[in-house]
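Open the model in your viewer and keep the selection tool at hand. The tour goes stop by stop: what to select, then what is there.

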Amino acid sequence: MFFGVVVPLILFFLALGVFTYLLGEYLGWSFRAEIGVEEEFPSAFHYLEKYIERPILKPIERTIFRLAGVDPDTSMNWKTYLFSALLLNFILFLLLYLIFLFQGGLPLNPADIGNLDWDLAFHNAATFVSNTNQQHYAGEAQLSYFSQLGAVLLAMFVSAATGMGLLVGFAKGLTNSEDPRLGNFYVAFVKSLTRFLLPISFILAIFLISQGVPQTFSGPATVTTLEGATQTIARGPVAVVEAIKMWGTNGGGFFAANAAHPFENPTPFTNMVLNLALLLGTISNFYAFGIWVKKRKHGLVLVGAVSTIVILLLLVALAGELGGNPGLDGLGIDQSLGNMEGKEVRFGSMLSTLWGVSTTSTTSGSVNSMHDSFTALGGLALLLGMSLNSLFAGVGTGVLNLLTYVFLASFIGALMIGRAPGYLGKRLESDEIKLAAIIILLLPTLVLFPTGIAVVTKFGKDAISNPGFHGFSQVIYEFFSAAANNGSGFEGLKDNTVFYNVSAGSVILLARYIPLVLQMMIADSLAKKKIRPESEGTLKVENLPFLVLLVVIMVVIGGLVFIPAISLGPIAEFLSLW
Amino acid sequence: MSREQVYQALVDAIKKLNPGYLIKNPVIFVTELSTVLIIAVTIAPQFFGGAQGRWYYSAISAVLVFTVVFATFAESLAEAQGEAHAESLRAMKEEVTGNRLREDKPLEEITEEDLEEVSSEEIEKGDLVYVEEGDMIPRDGSIVEGSASIDESAITGESEPVIRQSGGDKSSVTGGTEVLSDNLKIEITAAAGESFLDEMIGLVETASREKTPNEISLTLLLASFTFIYMLVVTTLTFFGNYVHLNVEVADQIALLIGLMPTTVGALLSAIRIAGMTRVTRDNVIAKSGKAVESAGDLDVLILDKTGTITTGERTATEFIPIGSSDNSSAAKAAFQSSFYDETTEGRSIVALAEHEGEEVSEDKLPEEGFTEFSAETGMSGIDLDDGTEIRKGSIDAIEEYADSVPGELDDKADEIADSGGTPLGLAVDGKVVGLIELQDELKTGIEERIAEIKKMGIKTVMCTGDNERTARYIAEQAGLDEYYAEFQPEEKIGLVEEEKAKGHMVGMTGDGTNDAPALAKADVGLAMNAGTAAAKEAGNMVDMDSDPTKLIEVVGIGKQLLMTRGSLTTFSIANDISRYFALVPALFSASIPALGKMNLMNLHSLQSVVISSLIYNSLIIPFLVPLAMRGVEYKPVSASQLLTRNLFLYGGSGLVVPFLSIKLIDMLLVAVGVF
């Protein structure tokens with residue numbers, strides 16, 4: 001227990017801390033010009049500026065801007081900024097939809113895979129364009145290489161860069177004083193790619209290839225097994241997809257088995273690295289946000305608040321998964337390794353649980369074990385992660401999502417100390433609170449309402465593979481995964497039906513884009529306000545009391561509202577079994 | 001509060017049940033709708049699939065009716081309290097008559113024939129009235145001619161009479177106050193029903209109707225929570241259908257009421273009204289609720305030195321001989337020059353000299369030889385019968401007057417200025433003999449008040465017409481952050497604008513017409529009632545006591561208003577945690593026995609849990625009314641300490657209290673045999 005669980009976990013979190021610092025500083029530094037940060041960066045960054053930024057990055061970025069006809073010096077107001085992002089996403093959505101619909105006739109299809117049905121193509125386009133990556137299909141069997149690279153891979157980069165681009169604009173708005181200009185979306189978008197997403201994915205991909213992950217355009221390999229039987233082994237350009245899948249909090253696997261598949265995630269070592277990557281892609285944003293708003297400690301408080309909840313969920317999940325399944329107790333099965341159903345032997349229950357909680361605490365949604373087979377407590381922790389809108393959520397959007405709770409905490413906190421509500425010197429008035437209130441009620445609406453419809457209609461119920469409380473978990477998990485833009489599958493639900501493709505696809509789009517619009521409206525409204533200087537009497541957002549307040553608000557307003565619903569799923573199941 | 005007032009409040013509470021009125025408070029509105037629904041269930045349970053006893057539904061209905069009435073009662077009780085204060089003011093308005101001038105005439109020429117006696121209601125804005133000793137001033141106005149001493153105790157509670165005179169900053173008079181001596185010609189500046197008394201009464205009424213800006217935000221937030229909880233509860237019907245769980249309408253309503261922030265929803269109006277009433281009780285008229293809220297948020301206070309930091313009365317503290325003269329000759333010169341000087345300074349000089357043993361018989365000091373202070377010469381003094389000229393005045397004036405200026409004069413004068421004093425020079429027959437040190441005393445307790453304000457994170461800025469040295473000394477003594485010396489009132493507007501441009505919320509006091517633009521520009525402009533009509537018009541608050549330090553108290557009241565709101569919201573939200581543990585298992589365990597294990601509180605039964613939870617919900621409202629009306633205690637400590645304290649106090653109790661109360665009520669209900 002100690003060497004198998006505690007030591008690796010401590011090492012993991014230490015590594016997470018170190019990389020959060022390094023990548024957070026790096027990300028903060030990367031966009032210092034866009035947001036106008038004059039903060040100090042680690043001295044080693046001078047070399048980065050001298051040998052990487054000036055000779056390599058800037059010329060590349062300038063060339064891209066010239067080719068794309070973008071004038072990097074034009075600053076946009078929120079409407080243009082948001083419209084640019086939405087337009088880009090809309091075009092991508094159409095492109096994806098058409099590729100999936102006609103992939104059979106398109107090149108790079110050595111396995112001769114057919115077209116997707118309209119509903120699956122819709123769900124697929126929706127899910128990839130929104131960084132959700134909920135998969136109602138098996139990648140190796142239903143997507144051609146062209147779809148994997150031309151559609152999925154492209155969307156994985158664009159969706160993450162869209163989130164980052166909007167975050168940069170938001171941060172700019174927060175630091176503006178009575179100035180509605182949020183910068184240039186295309187500049188932030190391109191720089192997200194050239195500085196953050198592409199280089200780090202590249203390093204990850206090289207690492208994966210070195211660990212034996214395939215990167216080839218050849219079709220499936222046909223081999224003769226030791227018994228003399230013939231086996232077809234699916235392969236393809238896995239490494240590149242895997243890298244951005246993890247780094248961009250995407251989560252859509254090349255294979256249906258996702259990161260449980262040995263070609264995606266061959267060893268415990270790759271597992272640890274990928275697990276770190278899936279968290280760091282978004283945690284580093286929180287740290288960088290602190291730099292951008294000129295309060296590194298505030299960034300740390302945000303990381304700390306969310307980490308507190310994630311660690312609690314991890315403990316709950318570990319209690320479940322390491323404890324094993326009581327149903328098997330009398331059957332003479334050795335459960336000393338914990339609940340191993342649906343888990344890979346090379347990872348074991350600890351690494352699978354760590355991954356499971358990591359993936360539902362972000363919008364990654366990639367899996368290295370089958371969540372459907374988790375114990376009730378484990379499943380509960382996964383659901384709770386998503387019920388908090390996936391906590392760290394996704395690249396860029398993670399900070400934006402959390403900010404809604406931060407606004408509420410600032411609002412109530414400021415009142416509690418007798419001050420008019422504000423955040424980082426910006427007043428929070430009824431306009432901003434109104435928008436934040438709508439964002440808050442969106443997640444429960446988009447989860448509970450469709451789940452309610454699904455469990456009382458034939459289309460909804462037919463897909464459930466395991467009726468009762470567990471079946472209810474399957475359905476509510478599907479919509480949690482969609483509405484939190486998480487994308488992980490509980491599996492078990494036969495979700496490739498018109499009903500689930502259309503409902504989940506629509507939920508995904510609404511859950512992604514409505515908050516983005518509202519958040520940019522908040523950005524605009526805050527950008528136009530004065531920044532009030534801080535004093536002794538101002539609510540501090542960089543200390544422990546605020547962290548506690550934020551955690552309480554997130555748990556009570558965000559998490560607990562789902563208790564009645566979740567009681568009918570995993571909690572009922574847990575209490576029935578134990 | 002009298003029995004009738006409570007009775008009246010109860011009647012108002014019932015009137016407020018009108019859904020058209022309640023819709024402004026979404027949480028309580030939904031509670032009312034739920035009540036109507038549960039009453040329908042009681043009447044016809046079969047339509048709602050109600051399978052439990054009618055008595056159970058009746059009990060829920062009854063508790064819910066009480067919940068809604070408690071909510072409206074909290075509001076009307078606060079209103080009644082405010083009204084009671086307004087009522088006592090209104091009493092003063094009655095039965096005042098005034099002498100209206102038929103035509104404008106100089107004051108001394110006015111005779112009985114020029115006057116017509118009319119009731120105060122008949123007097124119109126712009127009319128001229130005449131008042132003399134013993135008269136009540138019929139309505140607010142501005143003195144056109146004359147000066148008089150006036151008893152304003154009816155309005156301010158201050159028994160010391162005040163002097164009001166035409167021109168300048170002390171020309172305005174308030175209706176309902178009494179003239180103690182002399183006579184005045186007054187131009188009425190307020191129309192009937194628009195006097196300050198009316199305004200004060202009006203404020204109580206406005207405050208009870210209009211929400212303040214961040215109350216609106218909070219209401220929006222609570223509305224969105226309410227929407228979420230409604231969704232959570234209604235979708236249970238669908239979910240229950242799948243997992244074979246039957247949650248009745250009545251129980252769903254119980255869950256909804258338990259989850260909704262009814263406590264803070266019920267108390268929001270009471271908090272606001274009580275906050276406004278606290279302001280009026282302090283004899284301050286706030287022209288809007290927003291102004292009171294802003295007061296809590298001020299982070300820069302611009303304070304006048306004189307009257308706010310210091311008493312404004314300069315008194316002599318020391319005589320300093322210059323050149324060959326000794327202490328007693330300086331004291332003597334000071335005494336003689338000031339003997340007929342009726343100003344505070346003059347009297348204090350005489351007092352100090354007498355204290356030092358100076359006495360001169362009056363006949364040696366001819367009154368006709370006295371020269372009053374004039375701005376031209378900057379001096380006052382006396383010419384004795386033997387032709388000796390004694391003069392006292394500002395250093396510049398004395399230097400000009402004197403035949404020769406001793407070198408030590410400037411040094412000693414600077415020393416006095418450095419210690420915050422004002423030096424006056426003394427000369428006898430053109431020869432400088434000494435200096436008088438005048439000190440403007442700090443108001444008692446002002447250092448502590450300033451220290452408190454600084455702890456709140458508020459910057460204090462002092463403005464004074466005094467020279468740099470005096471200003472610095474006073475600022476240091478009082479512990480102020482910044483000061484502006486040799487400052488003209490006209491410059492205040494610039495200062496306010498500058499601070500506002502930096503993003504600060506600025507509060508200031510003022511009484512003169514030249515303060516008016518700055519008062520209007522400031523976030524909180526507290527005008528003095530004794531000041532000019534223009535100043536009172538411009539400010540968004542008026543202090544009836546004309547005490548500039550009141551600004552500090554108003555800041556405290558504003559903060560209390562916001563804190564009470566925040567703390568009760570936190571309490572209300574924290575309450576939810578217990579509901580999930582009490583209600584959810586109870587509601588589900590009938591159909592899903594396994595969920596009974598979540599019943600950590602070991603409550604008796606589903607019905608007892610529902611009733612206990614609802615009773616708690618309803619009783620907590622009247623229980624917290626006193627807190628809402630009194631306001632959360634405010635301590636001047638740093639923001640972080642305050643947050644920790646209130647989070648612990650109100651969040652912590654919000655977590656624990658319902659667990660204990662629900663368990664207790666449950667046990668009680670079982671003990672008395674209800675279950």
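In what sense do strand S13 (residues 370-374) of chain B and S14(B) pair, and over how many bridges? They pair in the antiparallel sense, over three bridges.

Before going on, some ground rules. This is a predicted model, in which local features need pLDDT of at least 70, side-chain atom pairs count only at pLDDT 80 or more, and totals for chains, interfaces and linings use all residues. Residues are numbered from 1 along each chain as its sequence is written, while chains are lettered from A and ligands numbered from 1 in the order in which they are written.

**Stop 1**

Helices (H or I, at least four residues) and strands (E, at least two) are DSSP runs, numbered from the N terminus. Two strands pair if DSSP finds at least two bridges between them. Select Phe370(B): opposite stands Ile382(B) in S14(B). The two strands form a hairpin with four residues between them. In the turn, Gly378(B) has a positive phi of about 75°.

Now follow the chain onward. S14(B) also pairs with strand S15 (residues 389-393) of chain B, antiparallel, over five bridges. Gly381(B) has Arg391(B) in S15(B) as its bridge partner. This hairpin has five residues between the strands, and Gly387(B) takes a positive phi near 90°.

Why is strand S14 (residues 379-383) of chain B largely enclosed by the rest of the structure? Because four of its five residues are buried. A residue is buried if 20 or more other C-beta atoms lie within 10 Å of its own, exposed if 12 or fewer, and partly exposed in between; C-beta atoms are placed from the backbone.

**Stop 2: the domains of chain B**

Color chain B by domain. Bounds come from an automatic or database domain assignment. Domain 1 is 3-85 + 201-280 + 556-671, and domain 2 is 97-135 + 141-189. Domain 3 is 291-309 + 443-544, and domain 4 is 313-441. The C-alpha centres of domain 1 and domain 4 of chain B lie 72 Å apart.

**Stop 3: the six-stranded sheet**

Select the strands S2, S1, S3, S9, S4 and S7 of chain B: in that order they form an open sheet with antiparallel pairing. Its edge strands are S2 (115-119) and S7 (172-173) of chain B, each pairing on one side only.

Zoom in on strand S3 (residues 128-131) of chain B. Leu128(B) and Tyr130(B) point one way, Val129(B) and Val131(B) the other, and all are buried. In a regular strand the side chains alternate between the two faces of the sheet.

Click Tyr130(B) and look to both neighbouring strands. It is the bridge partner of Asn99(B), where strand S1 (residues 97-101) of chain B and S3(B) pair antiparallel over two bridges. In S9(B), the partner of Tyr130(B) is Lys185(B). Four bridges join S3(B) to strand S9 (residues 184-188) of chain B, again antiparallel.

**Stop 4: the seven-stranded sheet**

Next, select S10-S22-S21-S20-S11-S18-S19 (chain B): seven strands in an open sheet, with mixed pairing. The edges are strand S10 (284-286) and strand S19 (482-484) of chain B. Start at S10(B), which pairs with strand S22 (residues 541-543) of chain B, antiparallel over three bridges. Val284(B) stands opposite Asp543(B) in S22(B).

**Stop 5: chain A**

Chain A has 20 helices and four strands. Its C-alpha atoms fill a box of roughly 75 × 55 × 50 Å, taken along the principal axes. Of its 578 residues, 59% are buried.

**Stop 6: where the chains meet**

Bring chain B back. Which numbers of residues are in contact? The answer is 54 residues of chain A and 61 of chain B. Contact is scored when C-beta atoms, placed from the backbone, lie within 7 Å. On chain A, the elements giving two or more residues are helices H14 (397-416), H15 (430-456), H17 (469-483), H19 (544-559) and H20 (563-577). H15(A) gives the largest share, 13 residues.

How values were computed
Contact = placed C-beta atoms within 7 Å.
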